[in-house]
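Colleague: I am new to this structure and would be grateful for a guided discussion of it. May I put some questions to you?

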There are 4 protein chains.
Amino acid sequence: MQKRVGFAGLGLMGSRMAENLLKKGFPLTVWNRTEERCGPLAKAGARVAKSPRELGESSDVVVACVADPPAVERLVFAEDGLLGGVRAGFRYIESSTVDPETTRRVQAALRERGGDALEAPMTGSKNGAAQGTLLFMTGGARAVHDELLPVLMAMGTKAIWCGEMGQGSVMKLIGNTLISFMLEGMCEGLVVGGKAGLKIETMLEVIMASGFSSPYYTFKGAAIAKRDFDQHFSVDLLVKDQTLMLETAAAQRTPLPGLAAIREVCQSARGLGFGQEDIGAVVKALERMAGLS
Amino acid sequence: MQKRVGFAGLGLMGSRMAENLLKKGFPLTVWNRTEERCGPLAKAGARVAKSPRELGESSDVVVACVADPPAVERLVFAEDGLLGGVRAGFRYIESSTVDPETTRRVQAALRERGGDALEAPMTGSKNGAAQGTLLFMTGGARAVHDELLPVLMAMGTKAIWCGEMGQGSVMKLIGNTLISFMLEGMCEGLVVGGKAGLKIETMLEVIMASGFSSPYYTFKGAAIAKRDFDQHFSVDLLVKDQTLMLETAAAQRTPLPGLAAIREVCQSARGLGFGQEDIGAVVKALERMAGLS
Amino acid sequence: MQKRVGFAGLGLMGSRMAENLLKKGFPLTVWNRTEERCGPLAKAGARVAKSPRELGESSDVVVACVADPPAVERLVFAEDGLLGGVRAGFRYIESSTVDPETTRRVQAALRERGGDALEAPMTGSKNGAAQGTLLFMTGGARAVHDELLPVLMAMGTKAIWCGEMGQGSVMKLIGNTLISFMLEGMCEGLVVGGKAGLKIETMLEVIMASGFSSPYYTFKGAAIAKRDFDQHFSVDLLVKDQTLMLETAAAQRTPLPGLAAIREVCQSARGLGFGQEDIGAVVKALERMAGLS
Amino acid sequence: MQKRVGFAGLGLMGSRMAENLLKKGFPLTVWNRTEERCGPLAKAGARVAKSPRELGESSDVVVACVADPPAVERLVFAEDGLLGGVRAGFRYIESSTVDPETTRRVQAALRERGGDALEAPMTGSKNGAAQGTLLFMTGGARAVHDELLPVLMAMGTKAIWCGEMGQGSVMKLIGNTLISFMLEGMCEGLVVGGKAGLKIETMLEVIMASGFSSPYYTFKGAAIAKRDFDQHFSVDLLVKDQTLMLETAAAQRTPLPGLAAIREVCQSARGLGFGQEDIGAVVKALERMAGLS
């Protein structure tokens with residue numbers, strides 16, 4: 001029999017992931033902080049829970065995809081939080097991008113009540129969420145990873161087990177670190193090239209033909225070329241993840257000179273009012289600094 | 001009839017490129033600042049010129065692949081320099097990575113004597129040079145690009161015309177900027193991940209399965225995983241190119257906050273004695289800063 | 001009649017400040033997380049409280065000088081925390097360096113119980129604390145500043161009212177930002193000068209004779225010249241304050257590119273094991289990066 | 001008998017320094033790239049030389065105060081350059097801020113002809129130049145320093161001998177490095193403080209009362225408070241000096257992470273069109289990045 005799945009957090013990613021769970025035949029209950037976002041899924045057949053607690057009570061597994069550590073805090077530990085609905089055998093999948101300390105605290109609380117948790121942050125953007133081609137990087141007991149694989153495979157095409165609880169989150173933060181560098185590097189290059197009179201199409205053609213090509217440059221480069229800053233992944237959220245990475249590194253006493261510099265450029269993009277645009281908008285902050293606009 | 005080709009600068013890249021010219025049947029003359037490096041090519045059938053001037057006199061086209069702007073200066077403008085051998089119809093291919101101002105000066109000098117120049121810096125590492133799969137990004141008159149395509153295609157598989165003289169060099173500097181960011185981003189990630197207990201193989205597996213994957217991570221990541229810092233592209237040369245990019249940007253009044261931070265990490269790698277190792281050695285500088293070694 | 005004063009947090013600064021309160025004739029009660037540090041003051045005539053709550057109950061004004069926001073959290077809001085001892089007319093002086101949000105939360109809680117708070121972070125190092133020459137930068141109601149001036153003047157020579165609650169903390173963070181820049185600038189200069197063969201005494205002589213001289217360079221430069229890294233202000237604490245400043249700026253969407261770069265150098269000093277040394281030890285991190293040791 | 005003094009480079013600093021030489025009774029000849037700037041000094045009694053060569057021929061000592069290394073190149077080594085007028089006993093004082101390599105090349109050329117050089121870059125801003133209160137940091141033979149002291153003391157109040165040729169220039173670059181850090185630190189602080197509602201007068205009052213106070217903050221802070229960006233020391237020139245410092249450090253393989261970050265902020269000030277304003281205008285670049293203007 002199919003596991004009853006709950007889904008908390010119906011944002012850009014979550015709503016699309018939940019839809020795929022429904023399509024693959026999982027009995028689905030959803031909860032969102034602002035209830036109106038539950039509408040489309042309810043129409044498509046999902047139950048709507050009144051609280052995270054109720055969400056937990058009516059599900060075997062709950063997938064969470066919320067904004068940040070404080071949102072996980074509220075979801076799990078608040079008075080009518082998920083924890084109140086946890087019992088033996090319950091499973092929690094943390095797909096939010098948070099710090100390793102947060103996921104370890106959640107796991108400990110669930111285990112005390114006989115449940116368990118798996119970190120499963122993902123990568124793939126909203127298109128990947130819609131098409132069910134996400135990549136999950138998991139942390140937690142290997143057995144729990146194996147047990148929950150069918151749920152993850154309803155939303156993605158691959159799940160790589162990274163190790164114990166916390167290591168999935170660190171892996172995700174590393175991934176967004178790489179994206180931060182690729183984005184900033186491309187934007188710095190495009191601004192200098194543009195000032196030198198190079199056409200953006202030529203620059204992207206060279207990049208794509210090179211040994212350092214990446215589907216990421218193809219995708220993000222095309223959007224920047226069209227000046228399309230429609231949100232796939234917002235500057236605000238990228239800065240949140242950069243900050244979590246810097247905090248994770250700080251706790252290890254590891255300096256991250258490159259990421260620290262990049263974060264301040266993204267911060268400038270926020271200061272200039274682009275926080276809710278796609279991260280491609282970082283190019284606009286660099287253009288401002290260079291006096292181009 | 002085949003053009004007589006000259007080749008100046010038989011380093012890691014140049015020696016392999018010259019070999020391919022010979023294999024493809026071009027009558028070849030070579031010159032190198034230290035003559036002993038000409039030996040293998042001479043054995044394989046190349047003539048050895050005594051000076052850049054003689055190299056120019058005995059060739060229809062000369063390809064240059066030397067270290068930096070001062071080396072181009074010496075090659076072209078010195079007393080027994082190439083310029084002395086230039087006459088109507090002579091062609092010069094600048095494959096060194098230098099700044100746009102240098103290539104524009106060389107072009108002007110050649111045109112005064114009835115010749116012309118094409119910038120054609122390349123990307124592809126020493127393996128690509130050996131296999132003849134380099135990517136050239138050219139700058140100069142489009143007609144000169146078309147005319148010299150057969151020579152370039154003896155050494156590579158693609159040549160993208162970027163625009164007028166100077167723009168090929170800028171494109172190359174942009175390429176090495178992207179490499180700088182990808183390298184630094186990967187290294188910062190690997191150090192944090194390593195301290196958090198993640199296995200390097202797992203981290204690379206995730207990166208390769210993601211939407212920001214790149215052949216570059218596959219290649220450089222594997223080398224770092226094996227702690228193989230055998231030189232493909234040295235830290236010293238990367239820093240040279242980062243400096244040229246920063247100078248190009250400075251002349252435009254364009255700030256490059258990310259690249260500036262990364263250059264100082266690479267500078268630290270040089271300070272620690274890794275300047276002649278492969279750029280993967282940047283990870284060792286970050287490990288030192290983090291107190292890991 | 002003299003106000004009964006309580007003092008929480010007997011570290012490097014706090015113990016010296018408390019001593020001055022005692023010398024100036026204030027009836028004093030002290031509390032410290034680890035009780036043994038209360039010994040010397042008890043001998044000198046101070047009462048020792050068993051808990052922050054008791055400290056509050058037996059004092060009219062409590063001065064707090066603890067490590068960071070979580071320590072303030074514990075001190076004030078824990079079960080046997082200070083808040084339990086607060087009643088109408090009670091005053092709390094926050095001399096810890098924390099973020100403005102923390103001090104505003106504390107003020108609100110105190111006001112609910114009829115008390116009030118004043119931020120009064122200070123500058124002056126442990127020598128200034130011992131000699132009673134600290135400079136306080138206060139935030140809160142102007143009337144509360146005026147009312148508590150006699151207490152502050154027992155520990156320092158000047159108190160500048162910066163505005164409402166939170167602004168004293170921001171001012172303090174700005175002060176430590178300036179120190180961060182002056183320290184890093186001097187250390188970067190000394191390393192380059194040292195490698196160039198300049199004597200450190202000559203460099204300091206020039207700095208002190210210049211228009212950008214500062215007592216700070218005299219004091220910190222002399223310590224570095226003697227390689228004396230005995231703790232006045234630890235690298236760990238400076239990084240804590242830099243992080244609070246970056247968070248304060250992030251909440252405002254203000255980029256701080258210089259401070260972000262400097263923080264990572266200090267982070268490296270921590271990674272290298274100098275976290276508990278004086279901030280002058282940052283020079284050692286830079287020397288490592290430069291391959292000097 | 002008074003030495004005949006020549007002065008090359010009548011900019012913001014040079015014109016004021018030359019005036020003081022005249023006032024102190026030195027027979028003075030002047031030269032400037034654009035002759036019209038010689039007018040006021042000619043009226044006051046100075047001879048005007050037609051070329052640097054003539055300047056050299058008619059002087060015992062020539063003081064140079066030009067913009068950058070290429071300007072020194074032109075002044076000394078051009079066809080009608082100073083070198084042509086050099087003979088035994090001739091002295092050259094390099095007061096321009098340049099890199100140590102440049103001053104060493106000049107010294108070598110002068111010594112070949114029986115003359116000698118002294119580096120004497122200075123600090124003190126245009127006010128100090130006008131009032132004759134400059135501080136010189138010299139490099140070269142100690143005997144030459146002693147011999148030329150009367151000339152320097154006509155323009156300043158102190159000259160500190162830093163060591164051999166090159167070390168005076170390095171010391172000057174270190175000085176401007178400290179200024180860069182103090183400026184950027186103050187500006188980052190003022191922007192955050194301003195957004196937090198602190199008054200700039202309060203912030204400056206605290207800084208001036210603190211142990212990290214400096215006449216520099218008093219002077220530059222007051223100008224920023226009045227939004228007076230009238231040029232004392234232009235952003236363009238500061239960036240030139242930061243670049244020379246970074247090159248000096250690069251030649252040593254010394255990373256300067258803080259200065260590199262600061263230079264890019266100053267670069268942004270140039271990109272935004274503030275290059276010819278006073279360096280206080282860096283605050284405007286930071287305000288832009290923060291979305292304040």
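The questions and answers below concern helix packing and the surroundings of several residues in a predicted model.

Colleague: At what angle do helix α8 and helix α9 of chain D pack, and is their arrangement therefore parallel or oblique?

Modeller: Helix α8 of chain D covers residues 167-195 and helix α9 of chain D covers residues 200-209. Their axes lie 10 Å apart and the packing angle is about 135°. An angle over 145 degrees would count as roughly antiparallel. The two helices, α8(D) and α9(D), are therefore oblique to each other.

Colleague: Which residues of α9(D) make the contact with α8(D)?

Modeller: The crossing of these two helices, α8(D) and α9(D), is right-handed. On the side of α8(D), the contact is made by M186(D), G189(D), L190(D), G193(D) and G194(D). By class, the residues of the contact of α8(D) with α9(D) comprise five nonpolar, three polar and no charged. The residues that α9(D) contributes are I200(D), M203(D) and L204(D).

Colleague: Is the crossing of α8(D) with α12(D) left-handed or right-handed?

Modeller: Helix α12 of chain D spans residues 257-271, and α8(D) packs with α12(D) at an angle of about 65°, the axes being 10 Å apart. The crossing in which α8(D) passes α12(D) is left-handed.

Colleague: Which residues of α12(D) meet α8(D)?

Modeller: From α8(D), the residues involved are T177(D), S180(D), F181(D) and E184(D). The contact of α8(D) with α12(D) has four nonpolar, three polar and one charged residues. Those that meet α8(D) from within α12(D) are G258(D), L259(D), I262(D) and V265(D).

Colleague: Within what arc do the buried residues of α4(D) fall?

Modeller: Helix α4 of chain D runs over residues 69-77, and P69(D), A71(D), V72(D), L75(D) and V76(D) are buried in this helix. Seen down the axis of α4(D), these buried residues line one face of the helix, because they fall within an arc of 155°.

Colleague: Does S95(B) count as buried or exposed?

Modeller: S95(B) is located in the loop between β5 (91-94) and α5 (100-112) of chain B. Residues up to four places away in sequence aside, S95(B) touches M17(B), V63(B), A64(B), C65(B), A120(B), P121(B), M122(B) and F136(B). The cut-off for this class is under 20% relative accessible area. With a relative accessibility of 2%, S95(B) therefore counts as buried.

Colleague: Which residues of chain D are in contact with R270(B)?

Modeller: R270(B) belongs to helix α12 (residues 257-271) of chain B. Its relative accessible area is 14%, so R270(B) is buried. Leaving aside neighbours within four places in sequence, R270(B) is in contact with V235(B), D236(B), V239(B) and G275(B), and also with A250(D) and R253(D).

Colleague: What distance separates the C-alpha atoms of R37(D) and T103(D)?

Modeller: R37(D) is placed in the loop between β2 (28-31) and α2 (39-43) of chain D. At 45% relative accessibility, R37(D) counts as partly exposed. Neighbours within four places in sequence aside, the contacts of R37(D) are L10(D), G11(D) and N32(D). R37(D) and T103(D) are 66 residues apart along the chain, and their C-alpha atoms are separated by 25 Å.

Colleague: What distance separates the C-alpha atoms of G124(A) and F136(A)?

Modeller: G124(A) lies in the loop between β7 (122-123) and α6 (125-131) of chain A. Its relative accessibility is 32%, so G124(A) counts as partly exposed. G124(A) and F136(A) are twelve residues apart along the chain, and the separation of their C-alpha atoms is 9.1 Å.

Note on methods: Residues numbered from 1 in each chain as written. Chains lettered and ligands numbered in written order. Predicted model: local features only at pLDDT ≥ 70, side-chain atom pairs only at ≥ 80, totals over all residues. Heavy atoms only, no water. Axes fitted to C-alpha atoms, helices over the stretch in contact; angles between N-to-C directions. Helix = DSSP H or I, 4+ residues; strand = E, 2+ residues; numbered from the N terminus. Parallel < 35°, antiparallel > 145°, perpendicular 65-115°, else oblique. Left-handed = near helix turned anticlockwise from the far one by under 90°. Contact = heavy atoms within 4.5 Å. Nonpolar A, V, L, I, M, F, W, Y, C, P; charged D, E, K, R; others polar. Buried < 20%, exposed > 50% of the residue type's maximum accessible area, 1.4 Å probe, protein only. Arc of directions from axis to C-beta.
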